[in-house]
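This report describes how the parts of one structure meet. Please look over the sequence and the model before reading on.

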Amino acid sequence: MRQPFVHKSPIPGLGLSAGITLSMLSLMVLLPIAGLLVQGFSAGIPAFLAAVNTPRTWAALYLSFRLSLVAALFNLVFGVVLAWVLVRYRFPFRKVLNAAVDLPFALPTAVAGIALTALYAPNGAFGQIAKDWGFKIAYTHWGILIALIFVGLPFVTRTVQPVIEEIAREVEEASATLGATRAYTLRRVIWPMLAPAALTGFALSLARAVGEYGSVIFIAGNIPLKTEIAPLLIVIKLEEYNEPGAAAIGIAMLVMSFGMLFIINAAQVFSRKRMAYV
Amino acid sequence: MSDISPARAFRPAATEAPWARITLTLAVVAILAVLLFAPLVTVFYEALREGVGASLATLANPESQSAIWLTLFVAAFAVPLNAVFGVAAAWLITKYSFRGKAVLITLIDIPFSVSPVVAGLCIVLTFGANSWVGSWLVAQGLPVVFAVPGIVMASMFVTFPFVARELIPVMVEQGRAAEEAALTLGASGWRVFFTVTLPNIRWALLYGVLLCNARAMGEFGAVAVVSGKIRGLTATMPITIEMLYNEYSSVAAFTLAAVLALLALVTLALKSLLEWRYADQLAATHRH
């Protein structure tokens, strides 16, 4: 038998809550995204491809995705270790440190951007040390990478932490009594339990980094073909009144982010199945 | 008598060796000090570089004042509207069974995976003077882009899922039994909401509103695209920080940045307080 579209419920408010939800979702999210798609393809597919297919656009997209991937990988490894330390170990100021992990979520990106630039510019506290070693951080790829690591830092920790809290100690003890070394237990017992949550955090961190603008533009130097990120190129196109060009890059970014999220979701389903738990 | 006490001789099997624990803890603290605390300290150090008086003077100038008022004004619209949306969406998703629920949840989550700049771009292309919606709005004397309504819309877009995301898991866990019991006892729909549902979700709602507010007040990328950056009219605090910084007014930029950093610290403190005091009434993922 075919299921009804909406099951009957004695709770009132269906019409009101559905009305508010659907009208606000349409006006605030769906209509603007439709506007982007309409504008991007208004001049036809060839014009869209021509707008995306320029060396400057490719360089910006490649830079954004490559550095975001590196930053998300760093955050994956560091985030899991950080979550483990925060949940399992006891040390002074642990709670303060735990609260501070969310700082990149709470601190506005423009504030983070100018602070990181002040810190890593050649005359800044860390920049000076790097300069003495003959190394430049701000206005290079390294600066962008630091900004992307900063904004994506909390994601993996916050998705993995609740999972570590749920792990029953008996599992690890059983593994140890069966003769496994600690490293073997971590690799073959603990990591498979954390992997799906860690992947979710990795995906969120990656999506955030790819779209990040505020914290990056101050430290990036913004040299075309070298340190120009994709979101900045959109802003530049808009300032040149090139709306179709901006729309084309916007659509390209949207498609790539959704594609990545889809791949990572698929990987997650695969890893859950392989580990035989849901 | 052995010089090794039983407690020391007996290390639990389910933990790492002491040297590994100490090394990991120190490494984590050192990395967080460089990545998180150093930038935070820098904001206040740069702001106070020329003394407290100089910083306060930059806060008193008309440009900063109008930026602060605009940011408060935008948040005063965007946050309550998103709170209403969040409650309505969570009610719809948790109190009824209907087809396409997963699709609806995915659509609500879209803003999380869209770049803020692309969000701003969407609003410019849809409501800007070159679109037919936008040209109609301008003809009605209600411009959206390069005006305050666009800034409110951009702030709402980027914070759209915040409240709903907090409420849905909590309301799923609480189920429908309490509401159904109240209805059987003859309460009206609104009475059920205000006396049964709202008291159960108030801390989760506050948690969502807190995060929504922090993001709305600090949003830069989406607002930068739609605001047009007109001094005194459409420059929010983050936008003013950018303009001052690019004009080498370092102290003024960092002073405004310090105000936003203080807001972030207050947000974190309140958030931790909620997690500590009302953990059982928040989404399970925040209980630590």
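## The model

This is a predicted model. The values given here are computed from it.

## Where the chains meet

The contact between the chains involves 92 residues from chain A and 86 residues from chain B. Together the two chains bury about 7,700 Å² between them, and carbon and sulfur atoms give 79% of that area. On the side of chain B, the three residues B:Tyr96, B:Arg99 and B:Leu125 supply 9% of the area buried against chain A, more than any other three residues.

Polar links are also found across this interface. There are 14 residue pairs in polar contact, both residues of each pair having pLDDT 80 or more. The number of salt bridges between chain B and chain A is 2. A salt bridge joins A:Asp102 to B:Lys271, with the closest N and O atoms 2.4 Å apart. Helix α2 of chain B, residues 18–47, gives 17 residues to the side of chain B that touches chain A, the largest share.

## The nonpolar core

How many residues does the largest nonpolar core have? The number is 190, and the residues with the most contacts inside this core are A:Leu36, A:Leu107, A:Val160, B:Leu32 and B:Leu167. Helix α3 of chain A, residues 55–88, provides 16 residues, the largest share of this core. Domain 1 (12–41) and domain 2 (45–274) of chain A both contribute residues, so the core lies between them.

A:Leu107 can be followed in more detail. Apart from its neighbours within four places in sequence, A:Leu107 is in contact with A:Ala112 and A:Phe150 in chain A, and with B:Leu40, B:Ala261 and B:Ala264 in chain B.

## The two domains of chain A

The domain assignment divides chain A into domain 1, residues 12–41, and domain 2, residues 45–274. Taken over C-alpha atoms, the centres of these two domains are 29 Å apart.

At the boundary between them, 6 residues of domain 1 are in contact with 7 residues of domain 2. The domains bury about 610 Å² between them, with 81% of this area on carbon and sulfur atoms.

Conventions:
Residues are numbered from 1 along each chain as its sequence is written. Chains are lettered from A and ligands numbered from 1 in the order in which they are written. This is a predicted model: local features need pLDDT of at least 70, side-chain atom pairs count only at pLDDT 80 or more; totals for chains, interfaces and linings use all residues. Side-chain values use heavy atoms; hydrogens and water are left out. A nonpolar core is a set of buried Ala, Val, Leu, Ile, Met, Phe, Trp, Tyr and Cys residues joined through side-chain atoms within 4.5 Å. Buried means under 20% relative accessible area, exposed over 50%, partly exposed in between (1.4 Å probe, protein chains only). Helices (H or I, at least four residues) and strands (E, at least two) are DSSP runs, numbered from the N terminus. Domain bounds come from an automatic or database domain assignment. Contact means heavy atoms within 4.5 Å. Buried area is the accessible area (1.4 Å probe) that two parts lose on being put together, summed over both. A salt bridge is a side-chain nitrogen of Lys or Arg within 4 Å of a carboxyl oxygen of Asp or Glu. A polar contact is a pair of N or O atoms within 3.5 Å; within protein, one must be able to donate a hydrogen and the other to accept it, and residues adjacent in sequence count only if both atoms are side-chain atoms.
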